[in-house]
Amino acid sequence: MKTKIEQEKIPLRTLSSGEKIPCMGIGTFGSDKYGAAEIAEAVYGAVKCGYRLIDCAAVYQNEKEIGQTLKQLFTEGEVKREELFITSKVWNDMHGEGKVSSSCRQSLSDLQLEYLDLYFVHWPFPNYHAPGCDGDSRNPDSKPFSVEEFMTTWRQCEALVDQGLVRYIGMSNMTIPKLEAVLPLCRIKPAALEMELHPSFQQPELFDYAISHNILPIGYCPIGSPSRPERDRAKEDVADIELPAVAAAARAHQVHPAVICLKWAVQRGQVPIPFSVKEQQYLSNLMCTTEDPLTEEEMKAICREDQNCRLIKGQVFLWEGARGWEDLWDMDGVIVTKE
Ligand SMILES: NC(=O)c1ccc[n+]([C@@H]2O[C@H](COP(=O)([O-])OP(=O)(O)OC[C@H]3O[C@@H](n4cnc5c(N)ncnc54)[C@H](OP(=O)(O)O)[C@@H]3O)[C@@H](O)[C@H]2O)c1
């Protein structure tokens with residue numbers, strides 16, 4: 001019998017609509033290391049132990065298997081559909097006119113759902129790379145961000161809300177200059193912003209921007225993605241679980257440093273979506289939101305560990321003529337639109 005965490009004990013976060021969602025979800029990207037069946041089984045165990053937010057995406061190639069899991073959970077009466085908050089994302093090759101709806105419908109069919117709670121634009125440009133590709137691979141069709149193209153995609157997301165297929169829409173892998181350009185054009189504002197967030201990469205400006213615009217930050221790679229694919233590893237990367245302030249707090253609280261990264265994320269106010277297929281890990285990850293919080297001093301010490309260390313640089317999405325992965329992230333404060 002799996003341990004069940006009481007729902008009342010799990011802190012909640014509030015969307016701009018006033019709706020409450022859990023302060024943590026479970027990720028489902030297997031990092032080219034964990035297979036679909038294994039991940040679906042982890043989702044089953046995670047929901048049984050108390051997770052209610054599941055972060056899915058078409059490109060993770062496991063929505064069919066997760067759909068079977070969800071069906072099983074509903075059939076067994078473990079949880080009702082309305083008790084879950086399920087996200088998915090449109091992949092970069094499905095941005096074009098008319099494609100977003102078919103991508104969303106495919107995810108709904110795979111997940112065996114009638115609606116999604118939140119549907120993200122996974123990346124803000126239509127640049128495609130094959131799943132499992134290596135870090136040097138480039139697609140000759142890749143192009144820089146375009147407000148017009150992005151809004152074509154966003155308008156289709158807004159239509160999905162109108163049609164009742166998704167309840168909220170969100171953006172992912174955005175920058176402040178891109179948000180500044182598109183937010184005034186949105187009829188339906190993003191409810192959430194999915195972004196890389198962990199102790200060595202805290203993105204304070206983007207985080208504050210999201211909060212001040214009533215957009216909930218959802219933090220991916222919250223543990224620093226120790227199992228991430230080879231293409232997302234660089235020699236200058238920092239290991240979050242080895243940071244001195246994280247390690248010191250782990251000793252003080254007698255937990256794994258991964259758990260400290262998550263406590264920090266939840267107490268800061270983002271919604272982390274840690275991945276794990278290991279029951280002990282995903283259980284302790286959710287459990288840590290309900291007990292033994294970090295002290296103010298520990299929070300401050302971890303805050304000082306920020307090293308602006310982006311792990312998911314996205315270089316496989318670069319267009320011909322781009323200077324480097326930094327061009328994807330508008331580092332000079334203006335949208336990089338030309339090579
Ligand atoms: N929007 C986007 O573009 C985007 C990009 C990346 C990720 N995501 C989402 O964010 C989710 C999380 O990111 P991620 O999977 O890359 O990184 P992560 O959650 O930071 O790291 C996951 C890894 O951390 C380890 N771990 C988890 N809990 C642990 C614990 N209690 N103790 C020790 N180790 C623990 C596991 O390593 P082992 O495998 O070694 O056990 C696991 O594979 C993804 O699954 C996906 O849903 C979204």
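In this predicted model, A42, G45, A46 and C49 of helix α1 meet E279, Y282, L283 and L286 of α9. Contact here means C-beta atoms, placed from the backbone, within 7 Å. Helices are DSSP runs (H or I, at least four residues), numbered from the N terminus, as are strands (E, at least two).

**How α1 and α9 pack**
- The residues of this contact divide into six nonpolar, one polar and one charged.
- Ala, Val, Leu, Ile, Met, Phe, Trp, Tyr, Cys and Pro count as nonpolar, Asp, Glu, Lys and Arg as charged, and the others, Gly among them, as polar.
- Two packed helices are described by the angle and the distance between their axes.
- The axes of α1 (residues 36-49) and α9 come within 10 Å and cross at roughly 35°.

**Around the ligand**
- The shell around the ligand takes three residues from α9, which gives the most.
- Both α8 (257-268) and α9 (279-287) supply at least two residues each.
- By class, this shell has twelve nonpolar, 14 polar and four charged residues.

**The nonpolar core**
- V43 and Y119 touch the most other members of the largest nonpolar core, which has 89 residues.
- α8 provides the largest share of this core, eight residues.
- Such a core joins buried Ala, Val, Leu, Ile, Met, Phe, Trp, Tyr and Cys residues through C-beta atoms within 7 Å; buried means 20 or more other C-beta atoms within 10 Å of a residue's own.

**Reading the model**
- Residues are numbered from 1 along each chain as its sequence is written.
- Local features need pLDDT of at least 70 and side-chain atom pairs count only at pLDDT 80 or more, while totals for chains, interfaces and linings use all residues.

Terms used:
Buried ≥ 20, exposed ≤ 12 C-beta atoms within 10 Å, placed from the backbone. Axes fitted to C-alpha atoms, helices over the stretch in contact; angles between N-to-C directions. Contact = placed C-beta atoms within 7 Å.
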